[in-house]
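Visitor: I should like to go through this model step by step, with reasons given for each conclusion. May we begin once it is on display?

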Amino acid sequence: MRIETFDWDLLRVFRMVAELGSMSAAAARLGGSVPTISRRMTELEAELKTQIFVRSTRGIELTDAGRILLRHAHVIFDVIAAVELDVANQQPSDAGLLRLDAEESLLAGWIAPRLADFLKLHPEIDLRTRAAQVATVEGLNLADISILLDRPAHPDMVTRRAGKVHYAIYAHPAHPATSGGLSRMAALFTNRCLFHESHAALISSQLGAADPLRQFCERSPQTNSFFAALAECRAGAALCALPTFIEETCTDLQRICLLPEVRADIWIAFPERTRRISRGVLTLDWLRQLFAPEESAWFRQAPPSLIRSQSPDGGSRPDA
């Protein structure tokens with residue numbers, strides 16, 4: 001490998017392939033073709049004189065050499081980002097791109113409905129969001145801010161606890177469960193109930209194997225899509241375990257009973273570079289306020305206790 005002639009763009013393509021786990025996904029993200037991405041990775045392996053991927057019909061996996069290369073690639077691109085901040089970026093520091101990854105239910109059910117107001121106040125910020133189901137080292141390195149339900153184990157990330165998510169069982173008003181008699185968990189166990197995979201994992205990690213709720217969850221259907229769970233619930237096809245903050249916007253659903261044994265911390269994670277730019281600080285302050293327990297009762301330590309209390313204007317509010 002000759003430093004003077006090395007094509008550094010190969011590392012950009014490599015990071016995308018490694019993050020997404022497939023050539024086709026990287027091609028779609030980068031706007032190229034699969035043969036081109038594959039050829040570029042073959043060039044990189046030839047340049048380094050080592051195999052960095054194991055290819056199969058299921059996608060690609062990094063070899064030991066590939067994992068070492070990925071660590072170095074992250075360092076290189078962090079240096080490039082620092083150069084952009086310190087030298088190349090001539091815009092005011094509150095203008096420009098900011099990448100926000102967030103757990104899907106938090107992004108779709110809480111952040112996105114409030115995004116328009118933030119962008120009206122800060123039109124100079126090009127805020128780009130992405131749903132992130134599981135925290136990965138690659139994803140954390142690419143994002144400027146991550147909002148997660150698991151504290152990321154990343155030595156270079158600043159992490160802050162932002163609040164608590166509570167869960168409950170919900171149904172559409174047309175579902176038989178809303179007519180009464182199912183306020184006790186034991187009465188729910190004969191019904192079809194849909195769980196999001198991340199919520200199911202939370203139940204398995206927090207409840208013992210003999211717990212009836214865990215057993216009910218494990219034999220119930222699961223989905224990896226918050227929107228799919230919400231759609232099935234709204235169609236009356238199933239009960240659904242959802243975070244309680246969805247009551248703020250999903251006023252067509254009825255809470256059947258709380259799941260007080262299961263809750264998750266909200267974590268805001270970001271690299272040091274994010275708070276070196278004013279757009280990063282502005283966005284962090286906004287996100288902290290969105291989830292602050294003193295600002296919204298949905299994220300307090302103790303969950304709301306009643307089925308639903310109505311505010312004078314007809315909207316739903318969590319119990320104080």
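Guide: The questions below go from the whole chain to single helices and residues of this predicted model.

Visitor: How many helices and strands does the secondary structure of the chain come to?
Guide: The model is predicted, and the count refers to that model. The secondary structure of the chain comes to twelve helices and twelve strands.

Visitor: What share of the 320 residues in the chain is buried?
Guide: A residue counts as buried when its relative accessible area is under 20%. Among the 320 residues in the chain, the buried share is 48%.

Visitor: How far apart are the end C-alpha atoms of helix α3, and what span should its residues give?
Guide: Helix α3 covers residues 34-48, which makes 15 residues. The expected span is 1.5 Å times one less than the number of residues, so helix α3 should span 21 Å. The end C-alpha atoms agree with this, their separation being 21 Å.

Visitor: What arc do the buried residues of α3 cover around the axis?
Guide: The buried residues in α3 are Ile37, Arg40, Met41, Leu44 and Glu45. They lie on the same side of α3, because the arc they cover around the axis is only 140°.

Visitor: Which exposed residues does the face of α3 turned away from its buried side carry?
Guide: An α-helix has 3.6 residues a turn, so residues three or four places apart point the same way. On α3, the face turned away from the buried side carries the exposed residues Pro35 and Ala46.

Visitor: Which elements do the buried residues of α11 pack against?
Guide: In helix α11 (residues 226-234), the buried residues are Phe226, Ala229, Leu230 and Cys233. Their arc around the axis is only 95°, so they are on the same side of α11. The elements they pack against are α5 (104-111), β6 (157-171), β7 (193-196), β8 (222-223) and β9 (239-243).

Visitor: Which residue just after α11 takes a positive phi?
Guide: At the start of α11, a side-chain oxygen of serine 225 comes within 3.3 Å of the backbone nitrogen of phenylalanine 227. Just after α11, a positive phi of about 80° is taken by glycine 236.

Visitor: Is arginine 15 buried or exposed?
Guide: Arginine 15 has its place in helix α1 (residues 9-20). Leaving aside neighbours within four places in sequence, arginine 15 is in contact with Leu70, Ala73, His74, Phe77 and Leu142. Its relative accessible area is 13%, so arginine 15 is buried.

Visitor: Which residues is leucine 30 in contact with, leaving aside its neighbours within four places in sequence?
Guide: Leucine 30 is found in helix α2 (residues 23-30). With a relative accessible area of 26%, leucine 30 is partly exposed. Beyond the neighbours within four places in sequence, its contacts are Arg12, Val13, Met16 and Ile37.

Visitor: How far is the sulfur of cysteine 257 from the closest cysteine sulfur?
Guide: A search of the whole structure finds zero disulfides. A disulfide requires two cysteine sulfur atoms within 2.5 Å. The closest sulfur to that of cysteine 257 belongs to cysteine 193 and is too far for a bond, at 8.6 Å.

Definitions and conventions:
Residues are numbered from 1 along each chain as its sequence is written. This is a predicted model: local features need pLDDT of at least 70, side-chain atom pairs count only at pLDDT 80 or more; totals for chains, interfaces and linings use all residues. Side-chain values use heavy atoms; hydrogens and water are left out. Helices (H or I, at least four residues) and strands (E, at least two) are DSSP runs, numbered from the N terminus. Buried means under 20% relative accessible area, exposed over 50%, partly exposed in between (1.4 Å probe, protein chains only). Contact means heavy atoms within 4.5 Å. The arc is that of the directions from the helix axis to the C-beta atoms. A polar contact is a pair of N or O atoms within 3.5 Å; within protein, one must be able to donate a hydrogen and the other to accept it, and residues adjacent in sequence count only if both atoms are side-chain atoms.
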